[in-house]
Amino acid sequence: MTLRPLALTCAAAVSVGVVSGPALTPLRASAARGDDRREAEIAAVVEGRAREGEPGVAVLVRQDGKTVFARGYGVRSLRSRERVDAGTGFRLASMTKAFTATAVMLLVRDGKLRYEDALTDVLPAFPAYGRAITIRHLLTHTSGLPDYEDLMDAAGKGRAPYWTPEHQIHDDEVLALLRGETKGRFPPGTSWAYSNSGYVVLGLVVARVSGKPFGDFLRQRIFTPLQMEGTLAYEKGRNEVKRRAFGHTRDGGSFREADQSPTSATLGDGGVYSNLEDLAKWDEALRLNTLLSPAWMKPALTPATLADGSPPRWPAGSRGGDDLDPGGPVSYGFGWFLDPWRGRPRMWHHGETQGFRSAIERFPDDRLTVVVLANRDDLDVRGLALEVAASRLHGHPGR
């Protein structure tokens, strides 16, 4: 049985033409009918993805600067059975990287950091191989830093795992593993490889340069100014997620809670929780350049090139994990993939971690944004986000 969708938030309801009063003028009635049709078209794509009583999914659609759809389906937790809504807090996983990159850009704008600063300039105790790694390399996944999860596996080889869902690795321990190496995967700037290590290190760079814990910097410089009251970099024992969704995995024909992994405590690469209401504010800030002017945002939206001027490519090998298109071209700026879709410019990112999936697809020229958040690991949220986007893009048969 398909779960009945939850009501929109007040702001979303206004944006889709919910009005009060005894009668509507013909113009307003026509607009309301158009809004209802648009909402029904989106709902037709989304409904049925999470059934009654299952872990859920939340979908946000913004068009022309307005929220036109914000609904939750399913439950936040199989224990509480509380339903997903627009205020439910999901772990964003790698969608966090756009916030980390923004924090770095704010420090560059403040004159406290430069994109060409060497890693060893900011973290002097880092080994010699960090001298050739710049902040820009870290932002664009061209640093060549070793994958910290590989280093975790190597450190635990031959004995019981040191890091577990109950005893998680933290950012300073990631740094210690990286400091124990003598070289990277490749010389900085000569190749491209998606790097969670790089974004953990960027979180540490933000803390070092600003003199504040990474989560505090995000709150003070990004979340509070944008009134994103339900968004935070989660640190167990230090803060709490409002209306928190817990992650789940499908186990045969049912689900079981699977909310944490050994790497769930790292911050800069994936530690932010947020909700649809707050991500609508984030999208509006990106649309209006609230935090950074177009000039300051330009580097983030410029695809990286390698040191020889050539475009980067995904690492060769087999598809899986963080390698989405082995050997294929990749377009990445600062915290955003930038490759077009069906010929339309876009900026996008997805996230994948224990029990959660997330995706954001922004089409600036079409003034369209779609966000999908799920507290289950069996949904193709990127595919769903693009299905929803296709139904709203100009020129689509249904428009």
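Predicted model: local features only at pLDDT ≥ 70, side-chain atom pairs only at ≥ 80, totals over all residues.

Residues are numbered from 1 along each chain as its sequence is written, and side-chain values use heavy atoms, with hydrogens and water left out. The pLDDT, the predictor's confidence in each residue on a scale from 0 to 100, averages 90 over the chain, and 89% of the residues score at least 70. Over residues 1–24 the pLDDT stays under 50. For that stretch the model has 50 contacts beyond four places in sequence, a contact being heavy atoms within 4.5 Å.

In soluble globular proteins, nonpolar side chains tend to be buried together. A nonpolar core is here a set of buried Ala, Val, Leu, Ile, Met, Phe, Trp, Tyr and Cys residues joined through side-chain atoms within 4.5 Å. Buried means under 20% relative accessible area, exposed over 50%, and partly exposed in between, with a 1.4 Å probe and protein chains only. The largest core has 86 residues, of which Phe 99 and Trp 282 touch the most other members. Its largest share, 9 residues, comes from helix α3 (residues 97–109). Apart from this core lies another, of 27 residues, including Val 46, Val 57, Phe 69 and Val 370. Beyond its neighbours within four places in sequence, Trp 282 is in contact with Ala 98, Phe 99, Thr 102, Ile 222, Leu 226, Met 228, Leu 291 and Trp 336.

Helices (H or I, at least four residues) and strands (E, at least two) are DSSP runs, numbered from the N terminus. Helix α12 comprises the 12 residues 381–392. Of the 12 residues of α12, 9 are buried, among them Val 381, Leu 384, Ser 391 and Arg 392.

An open sheet of 3 strands has the order β3-β7-β4, with antiparallel pairing; two strands pair if DSSP finds at least two bridges between them. The edge strands β3 (90–91) and β4 each pair on one side only. Strand β3 is joined by 2 bridges to β7 (residues 272–274), and Phe 90 stands opposite Ser 274 in β7.

Most residues other than glycine have a negative phi. Arg 243, however, has a positive phi near 50 degrees. Arg 243 lies in the loop between β4 and β5 (248–251) and, with a relative accessible area of 39%, is partly exposed. Its side chain makes a polar contact of 2.6 Å with that of Asp 85; such a contact is a pair of N or O atoms within 3.5 Å, where within protein one must be able to donate a hydrogen and the other to accept it, and residues adjacent in sequence count only if both atoms are side-chain atoms. The C-alpha atoms of Arg 243 and Glu 82 are separated by 9.0 Å, although these residues are 161 residues apart along the chain.

Arg 367 also has a positive phi, of about 55 degrees. Arg 367 is placed in the loop between β9 (356–363) and β10 (368–374), and counts as partly exposed at 45% relative accessibility. Pro 225, in the loop between α9 (214–223) and β4 (232–233), is partly exposed, with a relative accessible area of 45%.

Key: Expected span 1.5 Å × (residues − 1).
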